Amino acid sequence: MGKDKERGFGFSSGTVAHGSSLSPAARVPLALWKPFAQWCCLQPKDTAKMPESAWKLVFYTMSWSYSTYLLFFTNYTFFHDPPSAFYDWKSGMTVPTDIAIAYLIQGSFYGHSIYATVYMDDWRKDSTVMVVHHVVTLALITFSYAFRFHSIGLLVLFLHDINDIQLEFTKLNVYFKTRGGDYYLIHDILSNMGSVSFSITWFWFRLYWFPLKVLYATCVSSLQSVPNIPFYFFFNSLLLTLLCMNIYWFLFIVAFVAKVLTGQMKDVKDLREYEGEEGAQRAAALLMAQQRLQSEDAGHLNNSAEGKHVQNGITKEKHL
């Protein structure tokens with residue numbers, strides 16, 4: 001239901017912290033995309049981040065497209081008529097193969113995301129919430145399949161994945177703004193457009209349609225169709241937890257927009273780039289490296305000045 005945030009835009013998935021800890025699934029996008037990032041002459045920090053965003057953009061685009069196909073180009077009516085998800089509900093009913101495929105893909109992705117957030121990604125201000133989000137999401141996928149609430153689960157996936165597409169698209173354009181020492185206006189424009197559309201669709205899909213279509217169907221319509229539907233409170237508590245996290249992350253979006261409107265932020269970037277212990281250590285290491293280079297440059301200049309003297313403003317070599 002959406003891993004949202006580098007948080008290249010101020011809201012979720014951190015960069016890979018230690019290449020040696022990468023799983024085989026994580027090495028594939030790096031192997032495919034990192035040479036391309038280097039060929040495009042991205043900045044070193046963007047070269048490290050770009051493969052992850054490119055991989056997520058491909059995954060979320062494909063998964064959301066598949067959900068869109070099922071909801072709008074088949075006989076399923078769950079989007080236009082969410083209560084229909086419970087009209088013919090029966091315990092132990094057969095899960096359609098096309099929906100089962102979507103569940104298998106999403107369950108695998110979020111299962112790996114829990115490991116990635118804990119062991120691979122930079123630890124950030126909202127990383128704890130991210131872990132909770134992935135656990136809740138995986139629980140929703142698992143239990144909605146087991147309880148045969150798969151119809152409403154497909155709608156939840158559809159409403160959440162679209163924001164991840166826009167997030168990764170925005171992050172990629174942020175990375176591509178500066179390439180080979182040159183600035184590209186088109187990527188700046190696209191990143192700003194992506195951030196605006198991301199903010200709007202986050203509110204519309206997750207904070208408007210999600211309660212209107214999903215929560216109303218699970219909290220009200222389900223009892224009307226199946227008065228003694230099992231696991232009612234458990235399933236709805238997970239959905240309400242997901243809604244609370246959507247609201248929590250929307251506060252980051254509001255903070256981002258406020259900083260842009262007040263002129264505190266000129267570029268689309270991560271609001272928490274150096275938040276957390278690891279980020280602080282990286283910033284300190286960078287500062288120390290810069291100071292060391294400055295000291296070395298000063299020493300080099302002093303050494304080159306030895307054996308010379310200045311006469312009438314002109315440096316001349318000393319000769320014995």
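The model is predicted, so local features need pLDDT of at least 70 and side-chain atom pairs count only at pLDDT 80 or more, while totals for chains, interfaces and linings use all residues. Residues are numbered from 1 along each chain as its sequence is written, and side-chain values use heavy atoms, with hydrogens and water left out.

**Cavities**

- A cavity is a set of points, on a 1 Å grid over the protein atoms alone, where a 1.4 Å probe fits but cannot get out; lining residues have an atom within 4 Å of a point.
- The largest cavity holds about 40 Å³ of space, a volume being the space filled by probe spheres set on the points, which are joined across faces, edges and corners.
- Around the largest cavity you will find Phe86, Phe149, Thr218, Ser222, Ile229, Tyr232, Phe235 and Asn236.
- Helix 6 (185-225) and helix 7 (232-261) are the elements that give two or more residues to this lining, and helix 7 has the largest share, with three.
- Helices here are DSSP runs (H or I, at least four residues), numbered from the N terminus.
- Six nonpolar residues, one polar and one charged line the second largest cavity.

**Aromatic pairs**

- The structure has 30 aromatic pairs, meaning rings of Phe, Tyr and Trp (its six-membered ring) with centres within 6.5 Å; planes under 30 degrees apart count as stacked, over 60 as edge-to-face and the rest as tilted.
- Tyr60 is buried at 0% relative accessible area, and Phe109 is buried at 10%; buried means under 20% (1.4 Å probe, protein chains only).
- Phe198 and Trp202 form a tilted pair, 5.5 Å centre to centre with 45° between the planes, and both are buried.

**Charges over rings**

- Lys213 lies over the face of Phe79, 4.3 Å from the ring centre; this needs NZ of Lys or CZ of Arg within 6 Å of the ring centre and within 35 degrees of the ring normal.
- Arg148 sits over the face of Tyr145, at 5.5 Å from the ring centre.

Methods. On a 1 Å grid over the protein atoms alone, a cavity is a set of points where a 1.4 Å probe fits but cannot get out, and a pocket is an open set with protein on both sides within 12 Å along at least five of seven lines; lining residues have an atom within 4 Å of a point. Ala, Val, Leu, Ile, Met, Phe, Trp, Tyr, Cys and Pro count as nonpolar, Asp, Glu, Lys and Arg as charged, and the others, Gly among them, as polar. Buried means under 20% relative accessible area, exposed over 50%, partly exposed in between (1.4 Å probe, protein chains only).
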